[in-house]
Each structure stands twice: as structure tokens, then as C-alpha cells.
Amino acid sequence: MPMSFSFVTTWSPATADEPLGYGIELTNTGDTPVSDFQLGFSGPARIDPHATLENGVLLRRLSNHTLIAPPEGFVLEPGATWTAVARGLSYGLRHWSDGANAAYVVLSDGSIIPLATAPTRGKGNNAPLLKGAARFPVPAKAPVAVSIIPWPQSVATTGARIAPPGLDLKPEGNDAGRAAAAFAGLVDDLFPVEALVRPSAEGGMPVAISHKPGLGDEAYELSFAENAATVAATTRQGMVYGLITLGQILRGARLHPQTFVFPTGGVITDAPGFAYRGSHLDVARQFYTTAEVSRFLKIMAWNKLNKFHWHLSEDEAWRLEIDAYPQLTEIAAWRGHGKALPPLLGSGPQPTGGYYTKAAVRQIVALADSLAIAVIPEIDMPGHFYAALQALPELRDPQETGEYQSVQGFPNNSLNPAHEPVYRFVETIVDEVLELFPAGIFHLGADEVPLAAWSGSPLALDMIERLGGPEMRRKHEKQFNQLGNHHGADEIEGSPTALIQAAFIRRVHDYIASKGAITGGWEEAAHGDAVDKTKAFVIGWRNVEINAALAERGFDIVVSPGQRYYLDMANGVQWTEPGAGWAGWSGPQETYEFEARAGFSEQGLKHLLGIQACIWSESMTDRAIFDRLVFPRLSAIAEAGWTLPERKSWDRFKALVGTMPILYGHWAAD
Ligand code: TNX
């Protein structure tokens with residue numbers, strides 16, 4: 001009889017009598033006693049350095065991967081349960097998706113038994129757990145007669161007819177031809193067999209697509225007649241957007257004929273409020289295949305989002321094929337028991353992961369371009385670099401000793417600014433990346449370098465002394481082996497760490513600029529004014545106020561506050577909602593109503609490029625969680641990026657958003 005186990009985790013918040021407890025329960029469901037075994041598990045929650053384990057021995061811990069064993073001599077009898085309890089976690093669990101969602105037993109002979117996992121049970125909380133996108137039913141009566149998200153600048157349509165069965169596209173000229181082809185492919189994929197585009201022989205209504213000089217870069221005009229429509233724009237992007245608006249109106253009128261009409265006259269004139277309307281996707285914490293990324297881009301386009309910020313590297317993985325360093329994807333794209341990267345964030349003992357070949361990247365970039373989306377690659381450095389350093393240990397200062405840890409619990413995870421070979425490596429990466437991504441933007445990350453980074457590196461200490469004097473060196477030496485508090489990202493402004501990080505960023509930025517490209521960075525890239533403001537932009541994320549402050553300092557800024565635009569944050573405070581919680585929570589309405597321009601001076605507004613959704617993937621351990629977290633908040637951010645504040649309306653948005661597509665088709669149970 002093979003061995004079998006069941007595995008459950010529980011969460012009990014702190015009470016007056018007992019500190020918080022993260023319970024780990026393993027039951028022997030087989031018929032032989034088991035001894036001398038180990039239990040490995042991972043999920044968003046971390047048993048960090050300050051935590052203690054009751055009734056168990058902590059064998060190994062790396063970020064959120066934990067390997068434990070029962071007390072010496074323990075035998076798990078058939079039918080019996082071993083319960084260990086972790087206490088003193090710096091971050092308590094807040095939502096059901098926080099606990100372990102992959103686990104395995106290692107037997108004394110080294111063999112592995114993968115365990116099925118169930119959502120972590122919040123003690124005293126029996127409400128059903130939520131998954132899948134929340135439904136926003138289209139009401140019988142909506143505040144507007146046509147269905148469009150994001151809402152246009154001016155809608156002056158007249159009349160109503162039964163929706164035509166489809167659209168027969170009649171492009172005039174090269175741009176119009178490309179826009180028509182992109183639109184036809186888009187609706188074919190997003191709405192298969194609806195045949196939104198069809199020839200006149202199959203009932204398609206003629207739609208002229210024509211060039212009209214003098215409109216803005218993304219602007220369009222869409223006019224209606226009794227049995228025809230015309231899309232006019234100056235650019236191919238504008239034509240694509242005009243067609244998307246027309247497609248949305250058609251679908252609304254066809255699927256909800258009681259609520260929405262298809263016009264017979266009048267015109268829609270439209271242009272976006274912000275030039276930068278982005279979504280980021282973290283493909284490192286969880287891997288998303290080319291097929292998933294492609295569908296995500298199509299959904300972005302349907303929301304008129306135009307910048308895809310592709311977060312390709314992290315502590316947890318490296319996802320981009322690099323010719324000069326095949327080790328990066330051979331080693332750092334995979335996690336598993338006994339590998340250079342352990343199972344993390346719900347990946348189990350078997351090797352799990354993946355990467356994008358250059359051919360796949362070219363295909364994705366071409367698709368994005370056809371849909372008027374620019375792709376911004378991010379290679380996050382110098383922090384968040386653990387995975388790549390596992391693949392290329394020679395990038396470390398060979399004399400470095402001691403240990404520092406990142407906020408997510410990765411040891412010694414940052415590229416060393418004082419180690420010269422690092423620059424040859426980074427320049428090669430920049431070259432290969434810029435060759436793949438024609439948008440000419442390289443996002444170099446720069447977020448969350450630990451305060452104690454490189455404090456055991458003689459090279460780094462010398463560099464600090466050179467740049468900041470002996471006092472700075474001594475200050476940094478005091479950080480040696482300090483493991484940080486883990487209650488949030490370290491504040492490093494003004495520290496020796498920030499000093500050499502800025503030197504690193506300046507040098508990499510200069511290299512990027514020498515190739516004619518723009519540098520993107522998280523807000524920390526602004527520390528010490530490390531980048532030339534005319535060739536860079538930064539993304540504010542830690543709070544709302546930072547954005548206006550950076551704009552005042554002259555930085556071009558993209559607004560993405562964790563509190564409102566981080567789509568990994570839960571939709572509500574309840575345990576039954578999945579997602580993260582370090583920045584609180586934000587329901588669709590809170591996200592919709594957030595106004596990026598608030599608090600900016602007139603001068604500052606000139607530096608406000610736009611807004612961005614960030615899809616961090618620590619919590620995306622299940623695609624039904626993805627759908628719940630991303631939709632409809634992605635559309636809420638898209639509308640806030642396109643529609644001017646005075647024309648935003650939650651009531652209208654709420655009535656229309658149920659018509660928008662989601663990525664995986666997981667809807668919440670009613
Ligand atoms: C902070 S935002 C991070 C990410 C995490 C995210 C989770 C930023 C630049 N760094 O590494 O994934 O929080 O919400």
C-alpha cells in the first residue's frame with residue numbers, strides 16, 4: 001500500500017491569550033507508520049527569520065519555501081495528525097490565498113510525495129471562499145444608450161436600429177488595412193464565432209475606414225448612417241480604437257438589446273486623457289505562457305490600454321532567453337525541490353516554470369504593435385536578482401561574506417554595483433533586450449534594494465568610502481548580518497546603500513541612453529537624481545503622495561499606487577477574498593474613483609504621463625484568483641486613464657462593464 005497523506009493549513013489571528021498562529025497539519029492517511037520524514041511547502045505566507053515553530057524543526061527556509069521536520073524520534077501513525085504551529089510571523093495572513101498552496105513530503109530515502117492542498121482555513125471563519133471575477137449584470141436600464149468602455153470624449157449619436165449582424169470592413173490605404181486586419185483578428189480571438197467581422201454576403205454592414213489628417217495620435221471619429229458607419233483617424237492607432245468602439249457598441253446592442261442601441265446617425269469624437277495607459281504583468285512569480293500573454297494583450301487593447309510593462313525577472317525567476325547567458329533560462333526559469341530555486345508561491349516539488357524564447361517575444365511584440373500597444377520590458381536590478389545570481393554566481397563579489405535579506409526574504413539578492421563584471425553582464429542584457437523590443441524603453445527596476453545589501457562585500461564598502469567618505473563606510477559596516485524587520489520595504493533614501501545603488505543606476509542609465517533608449521524605473525530610481533530626467537520616467541507605487549512630489553522634482557511620472565492600482569491587492573478586507581494586503585484593499589469602485597491628477601500642481605501635471613495597473617503574481621496561485629483580482633479593476637483603471645475626471649461616472653461604468661471580456665473565463669458563483 002503506497003503511503004498517503006492529507007495536508008491542511010490554518011490561520012488563527014492573535015488574541016488576548018495567544019499570539020497569532022499558522023498551523024501546519026499533516027495526517028497519515030495510509031496504513032504504515034512514517035518516521036524520519038520532512039515536509040516542504042510554499043505559498044505567499046512566509047515563516048520569516050523572526051518566527052518560531054512549535055512542535056517541529058525548521059530545516060530550511062528561503063523566502064516562502066519552508067522545509068520542516070517533526071521533533072526527533074516522532075512517528076506518524078496511520079490515522080494520526082502531526083500539527084506544527086508557526087508564530088511570530090512579521091506578516092500575518094489576511095486572505096485565504098495567503099497560506100501554503102503546494103506541499104510535499106520527503107521520505108527518508110529521498111523520495112517525494114506531492115500533497116494536495118486546500119485553501120488555508122481561517123479559524124472561526126466558515127463563509128464560502130471567493131474566486132472568479134465578480135459579475136456586474138447589465139441592468140435593464142443603463143445611464144447611457146450605447147455600450148463603450150472607456151467612455152469617449154463626446155458621444156453625439158442619434159437613432160436606434162436592430163444591431164447589424166456584423167461589420168464588413170472597407171479600409172482605404174495601408175494604415176486602414178492594417179487596422180482592419182488587427183481588429184478582425186482581435187474580435188475573432190476574443191469573441192469566437194460571434195463573427196463581428198463578416199463579409200456583406202453574410203450580412204456585414206459596410207464600415208469605411210479612412211485617413212483624416214489633423215487628429216491627435218490616438219484620436220478617432222466614428223460616424224453612423226442608416227446602414228453604414230465610418231471610422232476616420234490620422235493614425236493607425238486611432239483607426240484601431242475607432243473600430244474597437246464600434247465593436248463594443250455592436251456587441252452591447254446585440255447581447256443586451258433591451259438596454260443598448262445601435263445608432264443610425266451622429267458621431268463619436270474621441271481622444272485619451274493620458275498618453276500612457278499601461279498594464280504591468282509579473283510573469284516571474286508565476287509563469288504565463290505565450291498564449292496567455294497574447295490573450296491578455298487583446299484584452300488590454302479592448303480596454304484601449306497602450307503600454308504593456310512586462311516584468312520579466314525577479315528573485316523567483318528569470319523568464320527571457322538571452323543568447324550570451326543560456327544559464328539564465330536553463331537554471332533560473334525553473335523552481336523545484338532540490339533545484340537552484342526551491343518551490344515558491346505555490347509551485348510544487350516538480351520542476352515548474354518556463355521562459356520566453358526570442359521567437360516568442362518577437363511574436364508577442366508584433367501582436368502588441370498591431371493592437372497599438374508598446375511593450376516595455378523590465379529587467380529588475382540591482383535588487384530582486386536572486387534567481388539570476390543563482391544561475392550566475394560569478395556575478396557576486398568573491399570576497400563577500402554574511403547575509404542580508406530582502407523584504408520578501410531572499411538572501412543576498414542584489415547585483416553588486418562595485419563588482420566590475422556586473423557591468424559587462426548588464427550591458428549585454430541591455431543590448432539583447434533593446435534588440436528585441438522596438439519601443440526603445442528599458443525598465444531597469446530599481447525597487448526594494450535591502451538596506452543591508454552588500455554590507456559584507458569589501459568591494460562595495462570600498463566604493464562607499466570612495467563616494468561618501470569613511471563615515472558612510474562605517475555606517476554601512478554596521479548593517480553586516482542585519483536581517484531587517486520585514487514589515488515592509490526598507491527605507492533607503494540617504495543611506496550608503498542608496499549612494500552606490502544610485503551610482504549603479506546612473507551607469508546603466510547612461511548605457512541605455514547611449515543606445516538611444518529611454519530608461520524606466522520604479523520610484524526608487526529617482527533616489528539621488530540618478531537618471532537624466534529628459535531620458536527617463538519613473539513609476540510611483542509606495543503611496544499616492546509620492547507621485548506629485550516626484551513630478552515637482554521634474555521626473556516624468558506614471559501613477560500606480562499600491563493602494564489603488566495594484567491588482568494583487570484583495571477586493572475587500574474579508575478573509576474570504578483572495579489576494580494580498582500590504583497596501584490594504586481596493587474594490588472596483590475605489591479603484592475606479594481614484595484620481596491620479598489629484599494633488600498635482602499645474603507644473604507637476606506636465607510631468608504626469610499617465611497611469612498603470614500592476615499585476616503582481618505572488619497571489620495568482622490559481623487562474624480563478626487572477627480573474628477575480630484583475631477584472632473588472634483593469635477596466636476601471638483603463639477608463640480612468642482615458643476618460644477625463646469630469647466625465648467619469650461609476651454608475652455608468654458599473655452598468656457597462658459586464659460586457660467586457662476576462663482572461664480565463666472564471667466567473668464568481670452567483
Ligand atoms: C512590491 S512594487 C514590489 C513587488 C511586489 C509587490 C506586491 C514594487 C516595485 N515592488 O516586488 O510584488 O509589492 O504587491
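Predicted model: local features only at pLDDT ≥ 70, side-chain atom pairs only at ≥ 80, totals over all residues.
Local features need pLDDT of at least 70 and side-chain atom pairs count only at pLDDT 80 or more, while totals for chains, interfaces and linings use all residues. Residues are numbered from 1 along each chain as its sequence is written, and side-chain values use heavy atoms, leaving out hydrogens and water.

**View 1. The shell around the ligand.**

View 2. A polar contact is a pair of N or O atoms within 3.5 Å. Aspartate 568 places a side-chain N or O atom 2.6 Å from a ligand oxygen. Ligand nitrogen atoms are 2.9 Å from such an atom of aspartate 447 and 3.4 Å from a polar side-chain atom of glutamate 448. Alone, the ligand exposes 360 Å², and the protein buries 97% of that (Shrake-Rupley, 1.4 Å probe).

**View 3. The largest pocket.** The ligand sits in this pocket (more than half of its atoms lie within 2 Å of the grid points). A pocket is an open set of points on a 1 Å grid over the protein atoms alone, where a 1.4 Å probe fits, with protein on both sides within 12 Å along at least five of seven lines; lining residues have an atom within 4 Å of a point. The largest pocket has a volume of about 680 Å³ and 32 lining residues.

Methods:
Polar contact = N/O pair within 3.5 Å; in protein donor to acceptor, adjacent residues only side chain to side chain. Points joined across faces, edges and corners; volume = space filled by probe spheres on them.
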